[in-house]
Amino acid sequence: MLPRLWGLPSATTSAMVQKLQHELEHMQDRFGGIFKLMLHGDPQSVAKTPADEVYGEGKLRLLRYRAPAGRRLPIPLLIVPSLINRYYLLDLVPGRSLIEYLVSRNLDVFVIDWGAPGPEDRGTTFDHYVTGYLRRAAQRVRAISGQERLSMLGYSMGGTLTAIFSALYGRYVANLVQVAAPIDFHDDGILSQWTRKDRFNVDLVVDTLGALPVSLMQASFRMLKPTYQISQQIALAEQFGDTDAVQDFLAMQLWLDDNIPFLGEAYRTYIKECYQENHLVQGRLVVGGRRVDLGQIEAPLLTVVATRDMICPPQSSKVLNELVASPDKAVFEFPGGHTSIVAGLDAPQQLWPHLADWLVARSSEAEDES
């Protein structure tokens, strides 16, 4: 016979124990299913929106997404991700893919996959990324689409690149979208503080290591929020039993662990000229022998910021709208962090429709060929 608990009758005690046993068995089944999913998670579950490689140069690939029923708006969209992150955050899994959504809205979407550089790429400079790789990718988009100009969407550091590109090659750019893109690097963020000249010797890092390795980057990002891993473990525990949610979670973790090394000479320029000297916002940055004047940007501009962004604080991005000559410009601000704004659970309801509406409204006019 079962002993009484807290003075309860034996029948009540027996019912409680049976209920507890049932809950434990149910929890075991849920844990077992989740652990199987974690052990056998397929990395190929990411980046599933159908696309074709239409150009390649070195490690770079240019992808064009297939249009549903062949419907595409005239002005193409080129998405430029960060140099140190894989592009597939924007095409994470079906239903959590910004690219999939933009394609469904009939936008002609291209994306740059920077690839993973190796020792043979050590001579690649920051200028080469802008005036070489990015310029030739844009030219290929123009040739394929038959349009003189294209829309550009830069995410994170990719937004820094697209802002520079738009200032130098404004004749190519029909519309510019900046998502969590740093422009003013002397903000109140932690990265700005860490990289100040009196605190960080970038020459020593590059001369010693040659490139910023993935392990060092990941350690730095973890230090931005030391409790992040614990909070993620709690979030995962709360999702036990929901295999779709766990698969999404694992896809995000795959992306977070899949950084790209930052080539040394490009990293040296980026840290010195942007973070330490803040030359971009001052109009003193020189790329490809030309001064980058953000006031030369005249294309319609949309700046998107996340209120809790620790990598790119909102004020770092918003300043661009004060500097450009664009008569058509707006700032969209949404709750969230640097990654959740584009791929979080709320992104499909918050950012995606507003972003697509803005682009669709400015992508319907074919170029005047006269």
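Which residue in β2 does Tyr55 stand opposite? In this predicted model, Tyr55 has Leu62 of β2 across from it, and the legends below begin with that pair of strands.

**View 1. The hairpin formed by β1 and β2.** Strand β1 (residues 51-57) and strand β2 run antiparallel and are joined by 6 bridges, with Tyr55 standing opposite Leu62 in β2. The two strands form a hairpin in which 2 residues lie between them, and Gly58, which is in the turn, has a positive phi of about 60°. Strand β2 (residues 60-65) is mostly covered, given that 5 of its 6 residues are buried.

**View 2. The pairing of β2 with β4.** Strand β4 (residues 109-113) runs antiparallel to β2, and 4 bridges join the two. Strand β4 is mostly covered, with 5 of its 5 residues buried. Both of its faces are covered, with Val109, Val111 and Asp113 buried on one side and Phe110 and Ile112 buried on the other.

**View 3. The β-α-β unit made by β3, α2 and β4.** Strand β3 (residues 77-80) runs parallel to β4 and is joined to it by 3 bridges, whereas the pairing of β2 with β4 is antiparallel. Together with helix α2 (residues 98-104), β3 and β4 make a β-α-β unit that is right-handed.

**View 4. The largest cavity and its lining.** The count of cavities of 30 Å³ or more comes to 2, and the largest holds about 170 Å³ of space. Its lining consists of 16 residues, of which Trp114, Pro117, Tyr129, Tyr133 and Leu263 are the closest to the centre of the cavity. Helix α3 (126-145) and strand β8 (262-263) each supply at least two residues of this lining. By class, the lining divides into 10 nonpolar, 3 polar and 3 charged residues.

**View 5. The surroundings of Thr124.** Thr124 is placed in the loop between β4 and α3. Thr124 counts as buried because its relative accessible area is 8%, which falls under the 20% cut-off. When neighbours within four places in sequence are left aside, Thr124 is in contact with Tyr129, Tyr133, Leu263, Glu265 and Ala266.

View 6. Which residues line the second largest cavity? The lining is made up of Pro81, Ser82, Asn85, Arg86, Tyr87, Leu89, Leu90 and Tyr155, and by class these residues divide into 5 nonpolar, 2 polar and 1 charged.

Notes: Residues are numbered from 1 along each chain as its sequence is written. This is a predicted model: local features need pLDDT of at least 70, side-chain atom pairs count only at pLDDT 80 or more; totals for chains, interfaces and linings use all residues. Side-chain values use heavy atoms; hydrogens and water are left out. On a 1 Å grid over the protein atoms alone, a cavity is a set of points where a 1.4 Å probe fits but cannot get out, and a pocket is an open set with protein on both sides within 12 Å along at least five of seven lines; lining residues have an atom within 4 Å of a point. Grid points are joined across faces, edges and corners, and a volume is the space filled by probe spheres set on the points. Ala, Val, Leu, Ile, Met, Phe, Trp, Tyr, Cys and Pro count as nonpolar, Asp, Glu, Lys and Arg as charged, and the others, Gly among them, as polar. Buried means under 20% relative accessible area, exposed over 50%, partly exposed in between (1.4 Å probe, protein chains only). Two strands pair if DSSP finds at least two bridges between them. A crossover is right-handed if, with the strands pointing away from the viewer, the path from the first strand over the helix to the second runs clockwise. Contact means heavy atoms within 4.5 Å.
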